[in-house]
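Here are some short notes to read alongside the structure. Please check each point against the view as you go.

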Amino acid sequence: MKHVRHFTPSLFLSLVHICLVQANYAPYFFDNGARSTNGNMALLSLSEDTPVGTHVYTLNGTDPEGDPVTYGLAYEAGSRRYFSVDKNLGNVTLIEELDREKEDEIEVIVSISDGLSSVSEKVRILVMDANDESPEFINTPYIVQVPENTPSGSSIFKIEAVDKDTGSGGSITYFLQNIHASKFTIDRHSGVLRIKTGITLDYEKSRTHFVIVVAKDGGGKLRGDNKVFSATTTVTVNVEDVQDTPPMFIGTPYYGYVYEDTLAGSEVLTVVALDGDRGKPNSIHYCIVNGDEGSFEISNTTGAISVIKSPNQLKKEVYELKVQASEVSQEGDVSVYAFAMVTIRVVDLNNHPPTFYGENGPQNRFELTMYEHPPEGEILRGLKITVNDSDQGANAKFNLRLVGPGGIFRVVPQTVLNEAQVTIIVENSAAIDYEKFKVLTFKLLAIEVNTPEKFSSTADVVIRLLDTNDNVPKFSSDYYIARIPENSPGGSNVVAVTATDPDSGLWGEVKYSIYGTGADLFLIHPSTGIIYTQPWAVLDAEVNSKYNFYVKAEDTDGKYSLAEVFITVLDVNDHSPEFNENIQEKTMIIGSPVKIEAIDQDAEEPNNIVDYSIMQADPANVFDIDQSTGEIKLKSYIRSLDIIHNITKNKDCIWSVVVQAKDRGSPSFSTTAVLKIDITEE
């Protein structure tokens, strides 16, 4: 007999549920190794110059039951969030800039979930170096104290720079800018700064040197390009002075003067010497080696030289003193020394200015009267001038100069020692002109040459000029043009000429005269220069309308000048037109004109222009006349004798026409003539 087990429905469902829960396995990541771009991100390496926003990795895993999975990223509390993930696709994106020098490893908790189960792993991401850092100098600023006697080639300082990058980007080499001009050199690897071989420092020439040092890294990749970074700094090298330079006199050469009123014991001058080593100078000790001959002494500490005798006891005019300056150390040792020469002159005191003298003693005004235009090179002998300076030697040397209108006179001598006779010589005769200057005034100046006082004196030189007849009368114009009507009566004024002579007195008086072939009808007043017609002169433009002749202006010495006169006789309407006959006969062929002519004897237009007109004709409406030519012709409608017979009962066809000839003058004149015209057909 078989036993059958019976299960209740509720128990069966519970068993089924237990079986389903036990069958759900957790999802997991694929482990594709450190070099893979998908998996669980374990040991992922990223360069620190990876741009923000880059897709850097893909989380990749699976669920054993084949359920869809989602991904997540988490960080320890307080850690910076560098990445974000697409939970469905697993794409990991960089959202924060990397910096290896601040953080070279990043811990991230990656998770994968199938909705029921979740698996988390802590992974470490390595940040790789990029050459993004520049070298930096440490312990700046660099200031170095170096004694000037430091041997060439010596190490004087070590420069140090660091670069936070790794590899070649973190390695540093050193070099100097302007290496050829520098007194220094640097070890490219250690940064040790040295004085160049064969070079020495000199405090007296240059107390400070500025050395520019460049630190350069070894280069490396940055965002795909090879980059090299560098930095510069300045090393200030202060040169320290050492005692290696002798003293130096300043203000050389030295000159001193002892004057006639100098007192014994007076200071003449001071010499100054300084230690050539200016950084730590020694004190200076002075002494006179030779040349003083017991007449001078010097202060050992100040260098002041004094005269110890009165000037009248000094036997020489010039003393040459050899002075020694010695360095005295703090221990009192005399080390090095230098020499200087001092020249002292015994000189006369400059207490007399130059003085001008005339024949009767000191004088400051000299006068002379002379004729204008003396010969060039002539000496003004009427001026008796002497100049004197009572001082001695250089104090009595002075220059002479004339101050006034330039280039007219010159003075000799120009340089005087003690005393000289002053001579004034004519240099420009043309400028000594009475008509320009009645009086010439100059200052005669004497001024010392080589003295500090520059004493001077002046004297007035007054030259009064006398006139000579040195000018020719001159007309106001080289020619004169005049016009006069032909009906002017005898004695009529034509034109006035003017000439002037700037000379004075009788030499300046001018007498006028005229001559020439055209002067017969004219006269000139000898003193006024008015030209007028002869009392009997009759001017006729029809006979002669142009006259020209010369006018002379002459002074009392016979000096003269000429001008030319041109006179035009103006035409007046004084003639009537005249026909050659007052009664004329002419035959007119129908179709051809006849001409009548009158002549006007006036010389000029419009007086001699004649206009013609018909004054009377019977019948009146038969003829036309040309106003300008005097041509007479039948009116245009008369073409045959038949037409004429219809106009008049005069069968012989002879007409009498009164023609007037009238000029255009003012007033106008006219004349008439009777023209008998016999009309025929050809």
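**Notes on a predicted model**

1. Four strands, in the order β23-β30-β29-β26, make up an open sheet. Its pairing is mixed. Keep in mind that this is a predicted model.

2. Which strands sit at the edges? They are β23 (254-259) and β26 (283-290). Each of these pairs on one side only. From one strand to the next, the twist averages 30 degrees.

3. Look next at how β23 is held to its neighbour. Strand β30 covers residues 334-347. It is joined to β23 by 6 bridges, and the two run parallel.

4. Now the domain layout. The assignment divides the protein into domain 1 (28-128), domain 2 (136-240), domain 3 (252-276 + 283-347), domain 4 (355-466), domain 5 (474-570) and domain 6 (578-680). Domain 3 is given as two segments, 252-276 and 283-347. How far apart are the C-alpha centres of domain 1 and domain 3? The separation is 96 Å.

5. Y515 belongs to strand β45, which spans residues 511-515. Why does Y515 count as partly exposed? Its relative accessibility is 38%, and partly exposed is the class between buried, under 20%, and exposed, over 50%. Y515 therefore falls in that middle class.

Definitions and conventions: Residues are numbered from 1 along each chain as its sequence is written. This is a predicted model: local features need pLDDT of at least 70, side-chain atom pairs count only at pLDDT 80 or more; totals for chains, interfaces and linings use all residues. Side-chain values use heavy atoms; hydrogens and water are left out. Two strands pair if DSSP finds at least two bridges between them. Axes are lines fitted to C-alpha atoms, for helices over the stretch in contact, and angles run from 0 to 180 degrees between N-to-C directions. Domain bounds come from an automatic or database domain assignment. Buried means under 20% relative accessible area, exposed over 50%, partly exposed in between (1.4 Å probe, protein chains only).
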